[in-house]
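Visitor: I am new to this structure, and I would like to understand the words used for it as well as the values behind them. Could you show it to me, and then take my questions in turn?

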Amino acid sequence: MLVQAVLFDVDDTLVNLAGAQHVAFRQQLTTQFGDRVSSHPAMAVAAEAFVHDPKDYYNSYINGKLSFGEQRMARVVDAMEILQLDGEPDEELWIVGYEDIVSQHWKPFADVPPLLERLTDLGIAYGAATNNVTDYQAHKLEQAGLAFEVVIGTDVTGKPKPHASMFLEGARQLCADPQNTLMIGDDVINDGLGARNAGLISLLIDRDNTRTNPERVYKVASLSDVLHIPSLCFDNREI
């Protein structure tokens, strides 16, 4: 199967957002409540709840039910309940201050730059399809040292992934046929099934080996494995 272009999810596919969130969460929690919270026996549980958002507050934001700030504060409140902390989260601390810290820690995974360099060498266009607004995610990629000319955010099509419009618009902007566009992401539903159902080649990146890939969705443990999938051809010269 020929790959003409590659679309990437951004958060926790290209950029280690979870790692940055852990740092910012712990720092801001300590700033508001003091050093005593850092040794709380439930700190790891609270941090995981904040980062991985089991109540899907972020999806509520993406679908227009909460503002960006509201979803952030809701996650902080839940973490505070786990830690049995009284009071309310400081809004300035958790909206403005948190953003300053987390953005300083936006870094690409180690397997990202080599793949992007190789795609460039092969003449394969790439871009991003991401469930956040375009300018914010383009800034995140730039901050992480990743140069992307094509970034498709939720404000471009008005529909978040897994809606087909984001994938199809990404392929269009990359001047590629959807059936020859590879979508790489870390979310089974939004990326894996969404891309497959939109007619793209779909691939999950599962660095922790915690996801079961659906039918007709590839899965790799590292982006360094992408170019070595036998049934995918990344070199047009071989055709």
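Visitor: How many nonpolar, polar and charged residues does the lining of the largest pocket have?

Guide: In this predicted model, the lining of the largest pocket has 16 charged residues, 15 nonpolar ones and 11 polar ones. The lining comprises 42 residues, and those nearest the centre of the pocket are Asp 11, Asp 12, Val 51, Asp 186 and Asp 187. The space in this pocket comes to about 1,100 Å³.

Visitor: What makes a residue count as part of the lining?

Guide: A lining residue has an atom within 4 Å of a point of the pocket. At least two such residues come from each of α1 (17–33), α2 (43–52), α3 (57–62), α4 (68–82), α5 (91–104), α7 (134–143) and α10 (188–197).

Visitor: Why are α1 and α2 called oblique to each other?

Guide: Their axes come within 10 Å and cross at roughly 125 degrees. Roughly perpendicular covers 65 to 115 degrees and roughly antiparallel begins over 145, so α1 and α2 are oblique to each other. The crossing of α1 and α2 is right-handed.

Visitor: How do you know which residues make the contact of α1 with α2?

Guide: Contact means heavy atoms within 4.5 Å. On the side of α1 the contact is made by Ala 18, Gln 21, His 22, Phe 25, Arg 26 and Leu 29, while α2 brings Met 43, Ala 44, Ala 46, Ala 47, Glu 48, Phe 50 and Val 51. Sorted by class, this contact has nine nonpolar, two polar and two charged residues.

Visitor: What makes α4 and α5 roughly perpendicular?

Guide: These two helices pack with their axes 10 Å apart, at an angle of about 110 degrees. The class called roughly perpendicular runs from 65 to 115 degrees, and α4 and α5 are therefore roughly perpendicular to each other. The crossing in which α4 passes α5 is right-handed. Phe 68, Gly 69, Arg 72, Met 73 and Val 76 of α4 meet Glu 91, Trp 94, Ile 95, Tyr 98 and Glu 99 of α5, a contact with six nonpolar, one polar and three charged residues.

Visitor: And why are α2 and α4 described as roughly antiparallel?

Guide: The axes of α2 and α4 come within 9 Å and cross at roughly 160 degrees. Angles over 145 degrees count as roughly antiparallel, so that is the word for α2 and α4. Here too the crossing is right-handed. From α2, the residues Val 45, Ala 46, Ala 49, Phe 50 and Val 51 meet Arg 72, Arg 75, Val 76, Ala 79 and Ile 82 of α4; by class, this contact has eight nonpolar, no polar and two charged residues.

Visitor: Which peptide bond is cis, and where does its proline lie?

Guide: The bond from Lys 161 to Pro 162 is cis, with omega near 15 degrees, and Pro 162 lies in the loop between α8 (154–157) and α9 (164–173).

Visitor: What is the phi of Cys 175?

Guide: Although Cys 175 is not a glycine, it has a positive phi of about 60 degrees. Cys 175 has its place in the loop between α9 and β4 (181–185).

How values were computed. Residues are numbered from 1 along each chain as its sequence is written. This is a predicted model: local features need pLDDT of at least 70, side-chain atom pairs count only at pLDDT 80 or more; totals for chains, interfaces and linings use all residues. Side-chain values use heavy atoms; hydrogens and water are left out. On a 1 Å grid over the protein atoms alone, a cavity is a set of points where a 1.4 Å probe fits but cannot get out, and a pocket is an open set with protein on both sides within 12 Å along at least five of seven lines; lining residues have an atom within 4 Å of a point. Grid points are joined across faces, edges and corners, and a volume is the space filled by probe spheres set on the points. Helices (H or I, at least four residues) and strands (E, at least two) are DSSP runs, numbered from the N terminus. Ala, Val, Leu, Ile, Met, Phe, Trp, Tyr, Cys and Pro count as nonpolar, Asp, Glu, Lys and Arg as charged, and the others, Gly among them, as polar. Axes are lines fitted to C-alpha atoms, for helices over the stretch in contact, and angles run from 0 to 180 degrees between N-to-C directions. Angles under 35 degrees count as roughly parallel, over 145 as roughly antiparallel, 65 to 115 as roughly perpendicular and the rest as oblique. A crossing is left-handed if the near helix is turned anticlockwise from the far one by less than a right angle, and right-handed if clockwise.
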